[in-house]
Amino acid sequence: MLASMRRFAEFPAAWLRAAALALLAVLPLAAPAQGHPLDGPVRFGILPLGGAFESRSDWDPLLAELSRAINRPVSVLSVNSYEALEQAIQRDEVDMAFLSGKMALDAVTQRRMKVVAQVVRHDGLPGYRALLLSRKAPPFNSLKNLLDQPDRWRLARGEKQSVSGFIVPQLQLFLPNHIAMETRFRSEIVGTHQATALAVANNEADVATNNTADFERFKTRFPAETERLQVLWESELIPHAQIVVRREYTPELRKRVQAFLVAYGRAKGPRGDAERVVLKSLHDLAGFVAADNSSLQPAARLAYQLAKQNAMTAQWVNDAAREARLQRIESSYADQVSVLKDVSP
């Protein structure tokens with residue numbers, strides 16, 4: 001039945017062909033994990049913002065400059081989903097990446113990465129906010145109606161690794177109201193923030209998770225669709241995304257990457273102006289600031305709080321099983337905190 005369907009966002013065939021070509025165009029192709037030399041090309045993974053081709057085009061000018069600054073070729077891996085990028089990181093096919101919250105946390109605590117920089121946006125805020133979007137027209141345009149009868153609403157959300165697309169709305173809004181996003185809605189679409197907003201605007205879904213940064217970008221690219229949308233809910237501030245680099249690279253290389261990013265877009269004159277145009281196309285960034293693993297402590301707390309809340313509200317065969325799960329969550333969080341204390345270059 002339609003009421004019980006769970007499906008991924010559907011894309012036109014032409015878009016899929018373009019995305020496939022973008023993936024095939026990665027130069028050089030990702031090498032096997034065991035055979036990739038540390039003096040070979042630096043493979044940069046891009047968190048998907050819109051489409052794979054769009055994300056790659058936005059990053060190309062900055063990465064070309066980075067290649068010259070560190071005197072190393074830089075190749076690009078641009079994908080269509082958080083899951084695809086996460087799998088590439090797990091296969092050691094990524095040496096450096098632009099990641100947010102949970103994915104950056106996992107890369108640092110599980111995949112031998114280190115934080116070197118954090119993004120800064122033009123609004124000057126230390127973070128962004130998760131959003132829920134709906135159409136302006138009734139009947140699906142009231143937060144109260146959503147919380148009272150979620151089974152009547154069609155949801156468009158981000159992947160489970162997405163902080164603003166899943167983790168924060170689940171933690172701060174839905175679970176406190178005894179709603180599990182994965183099971184309580186009439187149907188479900190999973191996709192990028194651009195795809196989820198379009199799904200609601202085009203009446204393929206009734207409510208979408210999103211965030212302030214992506215929605216600002218959406219407004220400039222889809223003004224007609226934006227006119228049909230409204231914000232139902234905003235979260236607390238979420239820390240901005242990070243740039244992470246493999247620990248196997250020398251501290252000197254990581255410092256050169258960090259110095260390049262911090263200086264990018266700060267100069268006066270034509271060169272600085274050109275760099276600022278590039279930054280604006282990258283999620284309306286103002287630039288980067290130096291950062292270390294400790295910048296992921298808020299992300300670790302969010303993941304810990306969500307895991308704990310899920311455990312407390314789940315059904316268990318007995319109290320001992322619940323307590324064992326809670327102890328594992330506490331132990332995992334303690335391990336993460338220990339790793340994040342490493343603030344060496």
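Predicted model: local features only at pLDDT ≥ 70, side-chain atom pairs only at ≥ 80, totals over all residues.
Residues are numbered from 1 along each chain as its sequence is written, and side-chain values use heavy atoms, with hydrogens and water left out. Local features need a pLDDT of at least 70, side-chain atom pairs count only at pLDDT 80 or more, and totals for chains, interfaces and linings use all residues.

**Overall features**

The protein averages a pLDDT of 86, and 87% of the residues score at least 70; pLDDT is the predictor's confidence in each residue, from 0 to 100. Over residues 1–35, pLDDT stays under 50. The model has 53 contacts beyond four places in sequence for residues 1–35, where contact means heavy atoms within 4.5 Å.

The secondary structure comes to 13 helices and 12 strands. Helices (H or I, at least four residues) and strands (E, at least two) are DSSP runs, numbered from the N terminus. Of the 345 residues in the protein, 50% are buried, that is, under 20% relative accessible area, whereas exposed means over 50% and partly exposed lies in between (1.4 Å probe, protein chains only). Among contacts with a separation of 6 or more, 77% join residues 24 or more positions apart.

The table gives the axis geometry of two helix pairs. Axes are lines fitted to C-alpha atoms, for helices over the stretch in contact, and angles run from 0 to 180 degrees between N-to-C directions.

| Helix pair | Axes come within | Crossing angle |
|---|---|---|
| α6 (residues 163–174) and α12 (residues 297–313) | 9 Å | roughly 50° |
| α4 (residues 101–110) and α12 | 9 Å | roughly 105° |

The angle in the α6 pair makes α6 oblique to α12, while that in the α4 pair makes α4 roughly perpendicular to α12. Angles under 35 degrees count as roughly parallel, over 145 as roughly antiparallel, 65 to 115 as roughly perpendicular and the rest as oblique.

In the α6 pair, V163, I167, V168, Q170, L171 and Q172 of α6 meet L302, Q305, L306, Q309 and N310 of α12. The α4 pair is joined through G101, K102 and L105 of α4 and A299, A300 and A303 of α12.

**Residue M312**

M312 also lies in helix α12. With a relative accessible area of 46%, M312 is partly exposed. Leaving aside neighbours within four places in sequence, M312 is in contact with R322 and L326. M312 and E323 are 11 residues apart in sequence and 9.3 Å apart in space, C-alpha to C-alpha.
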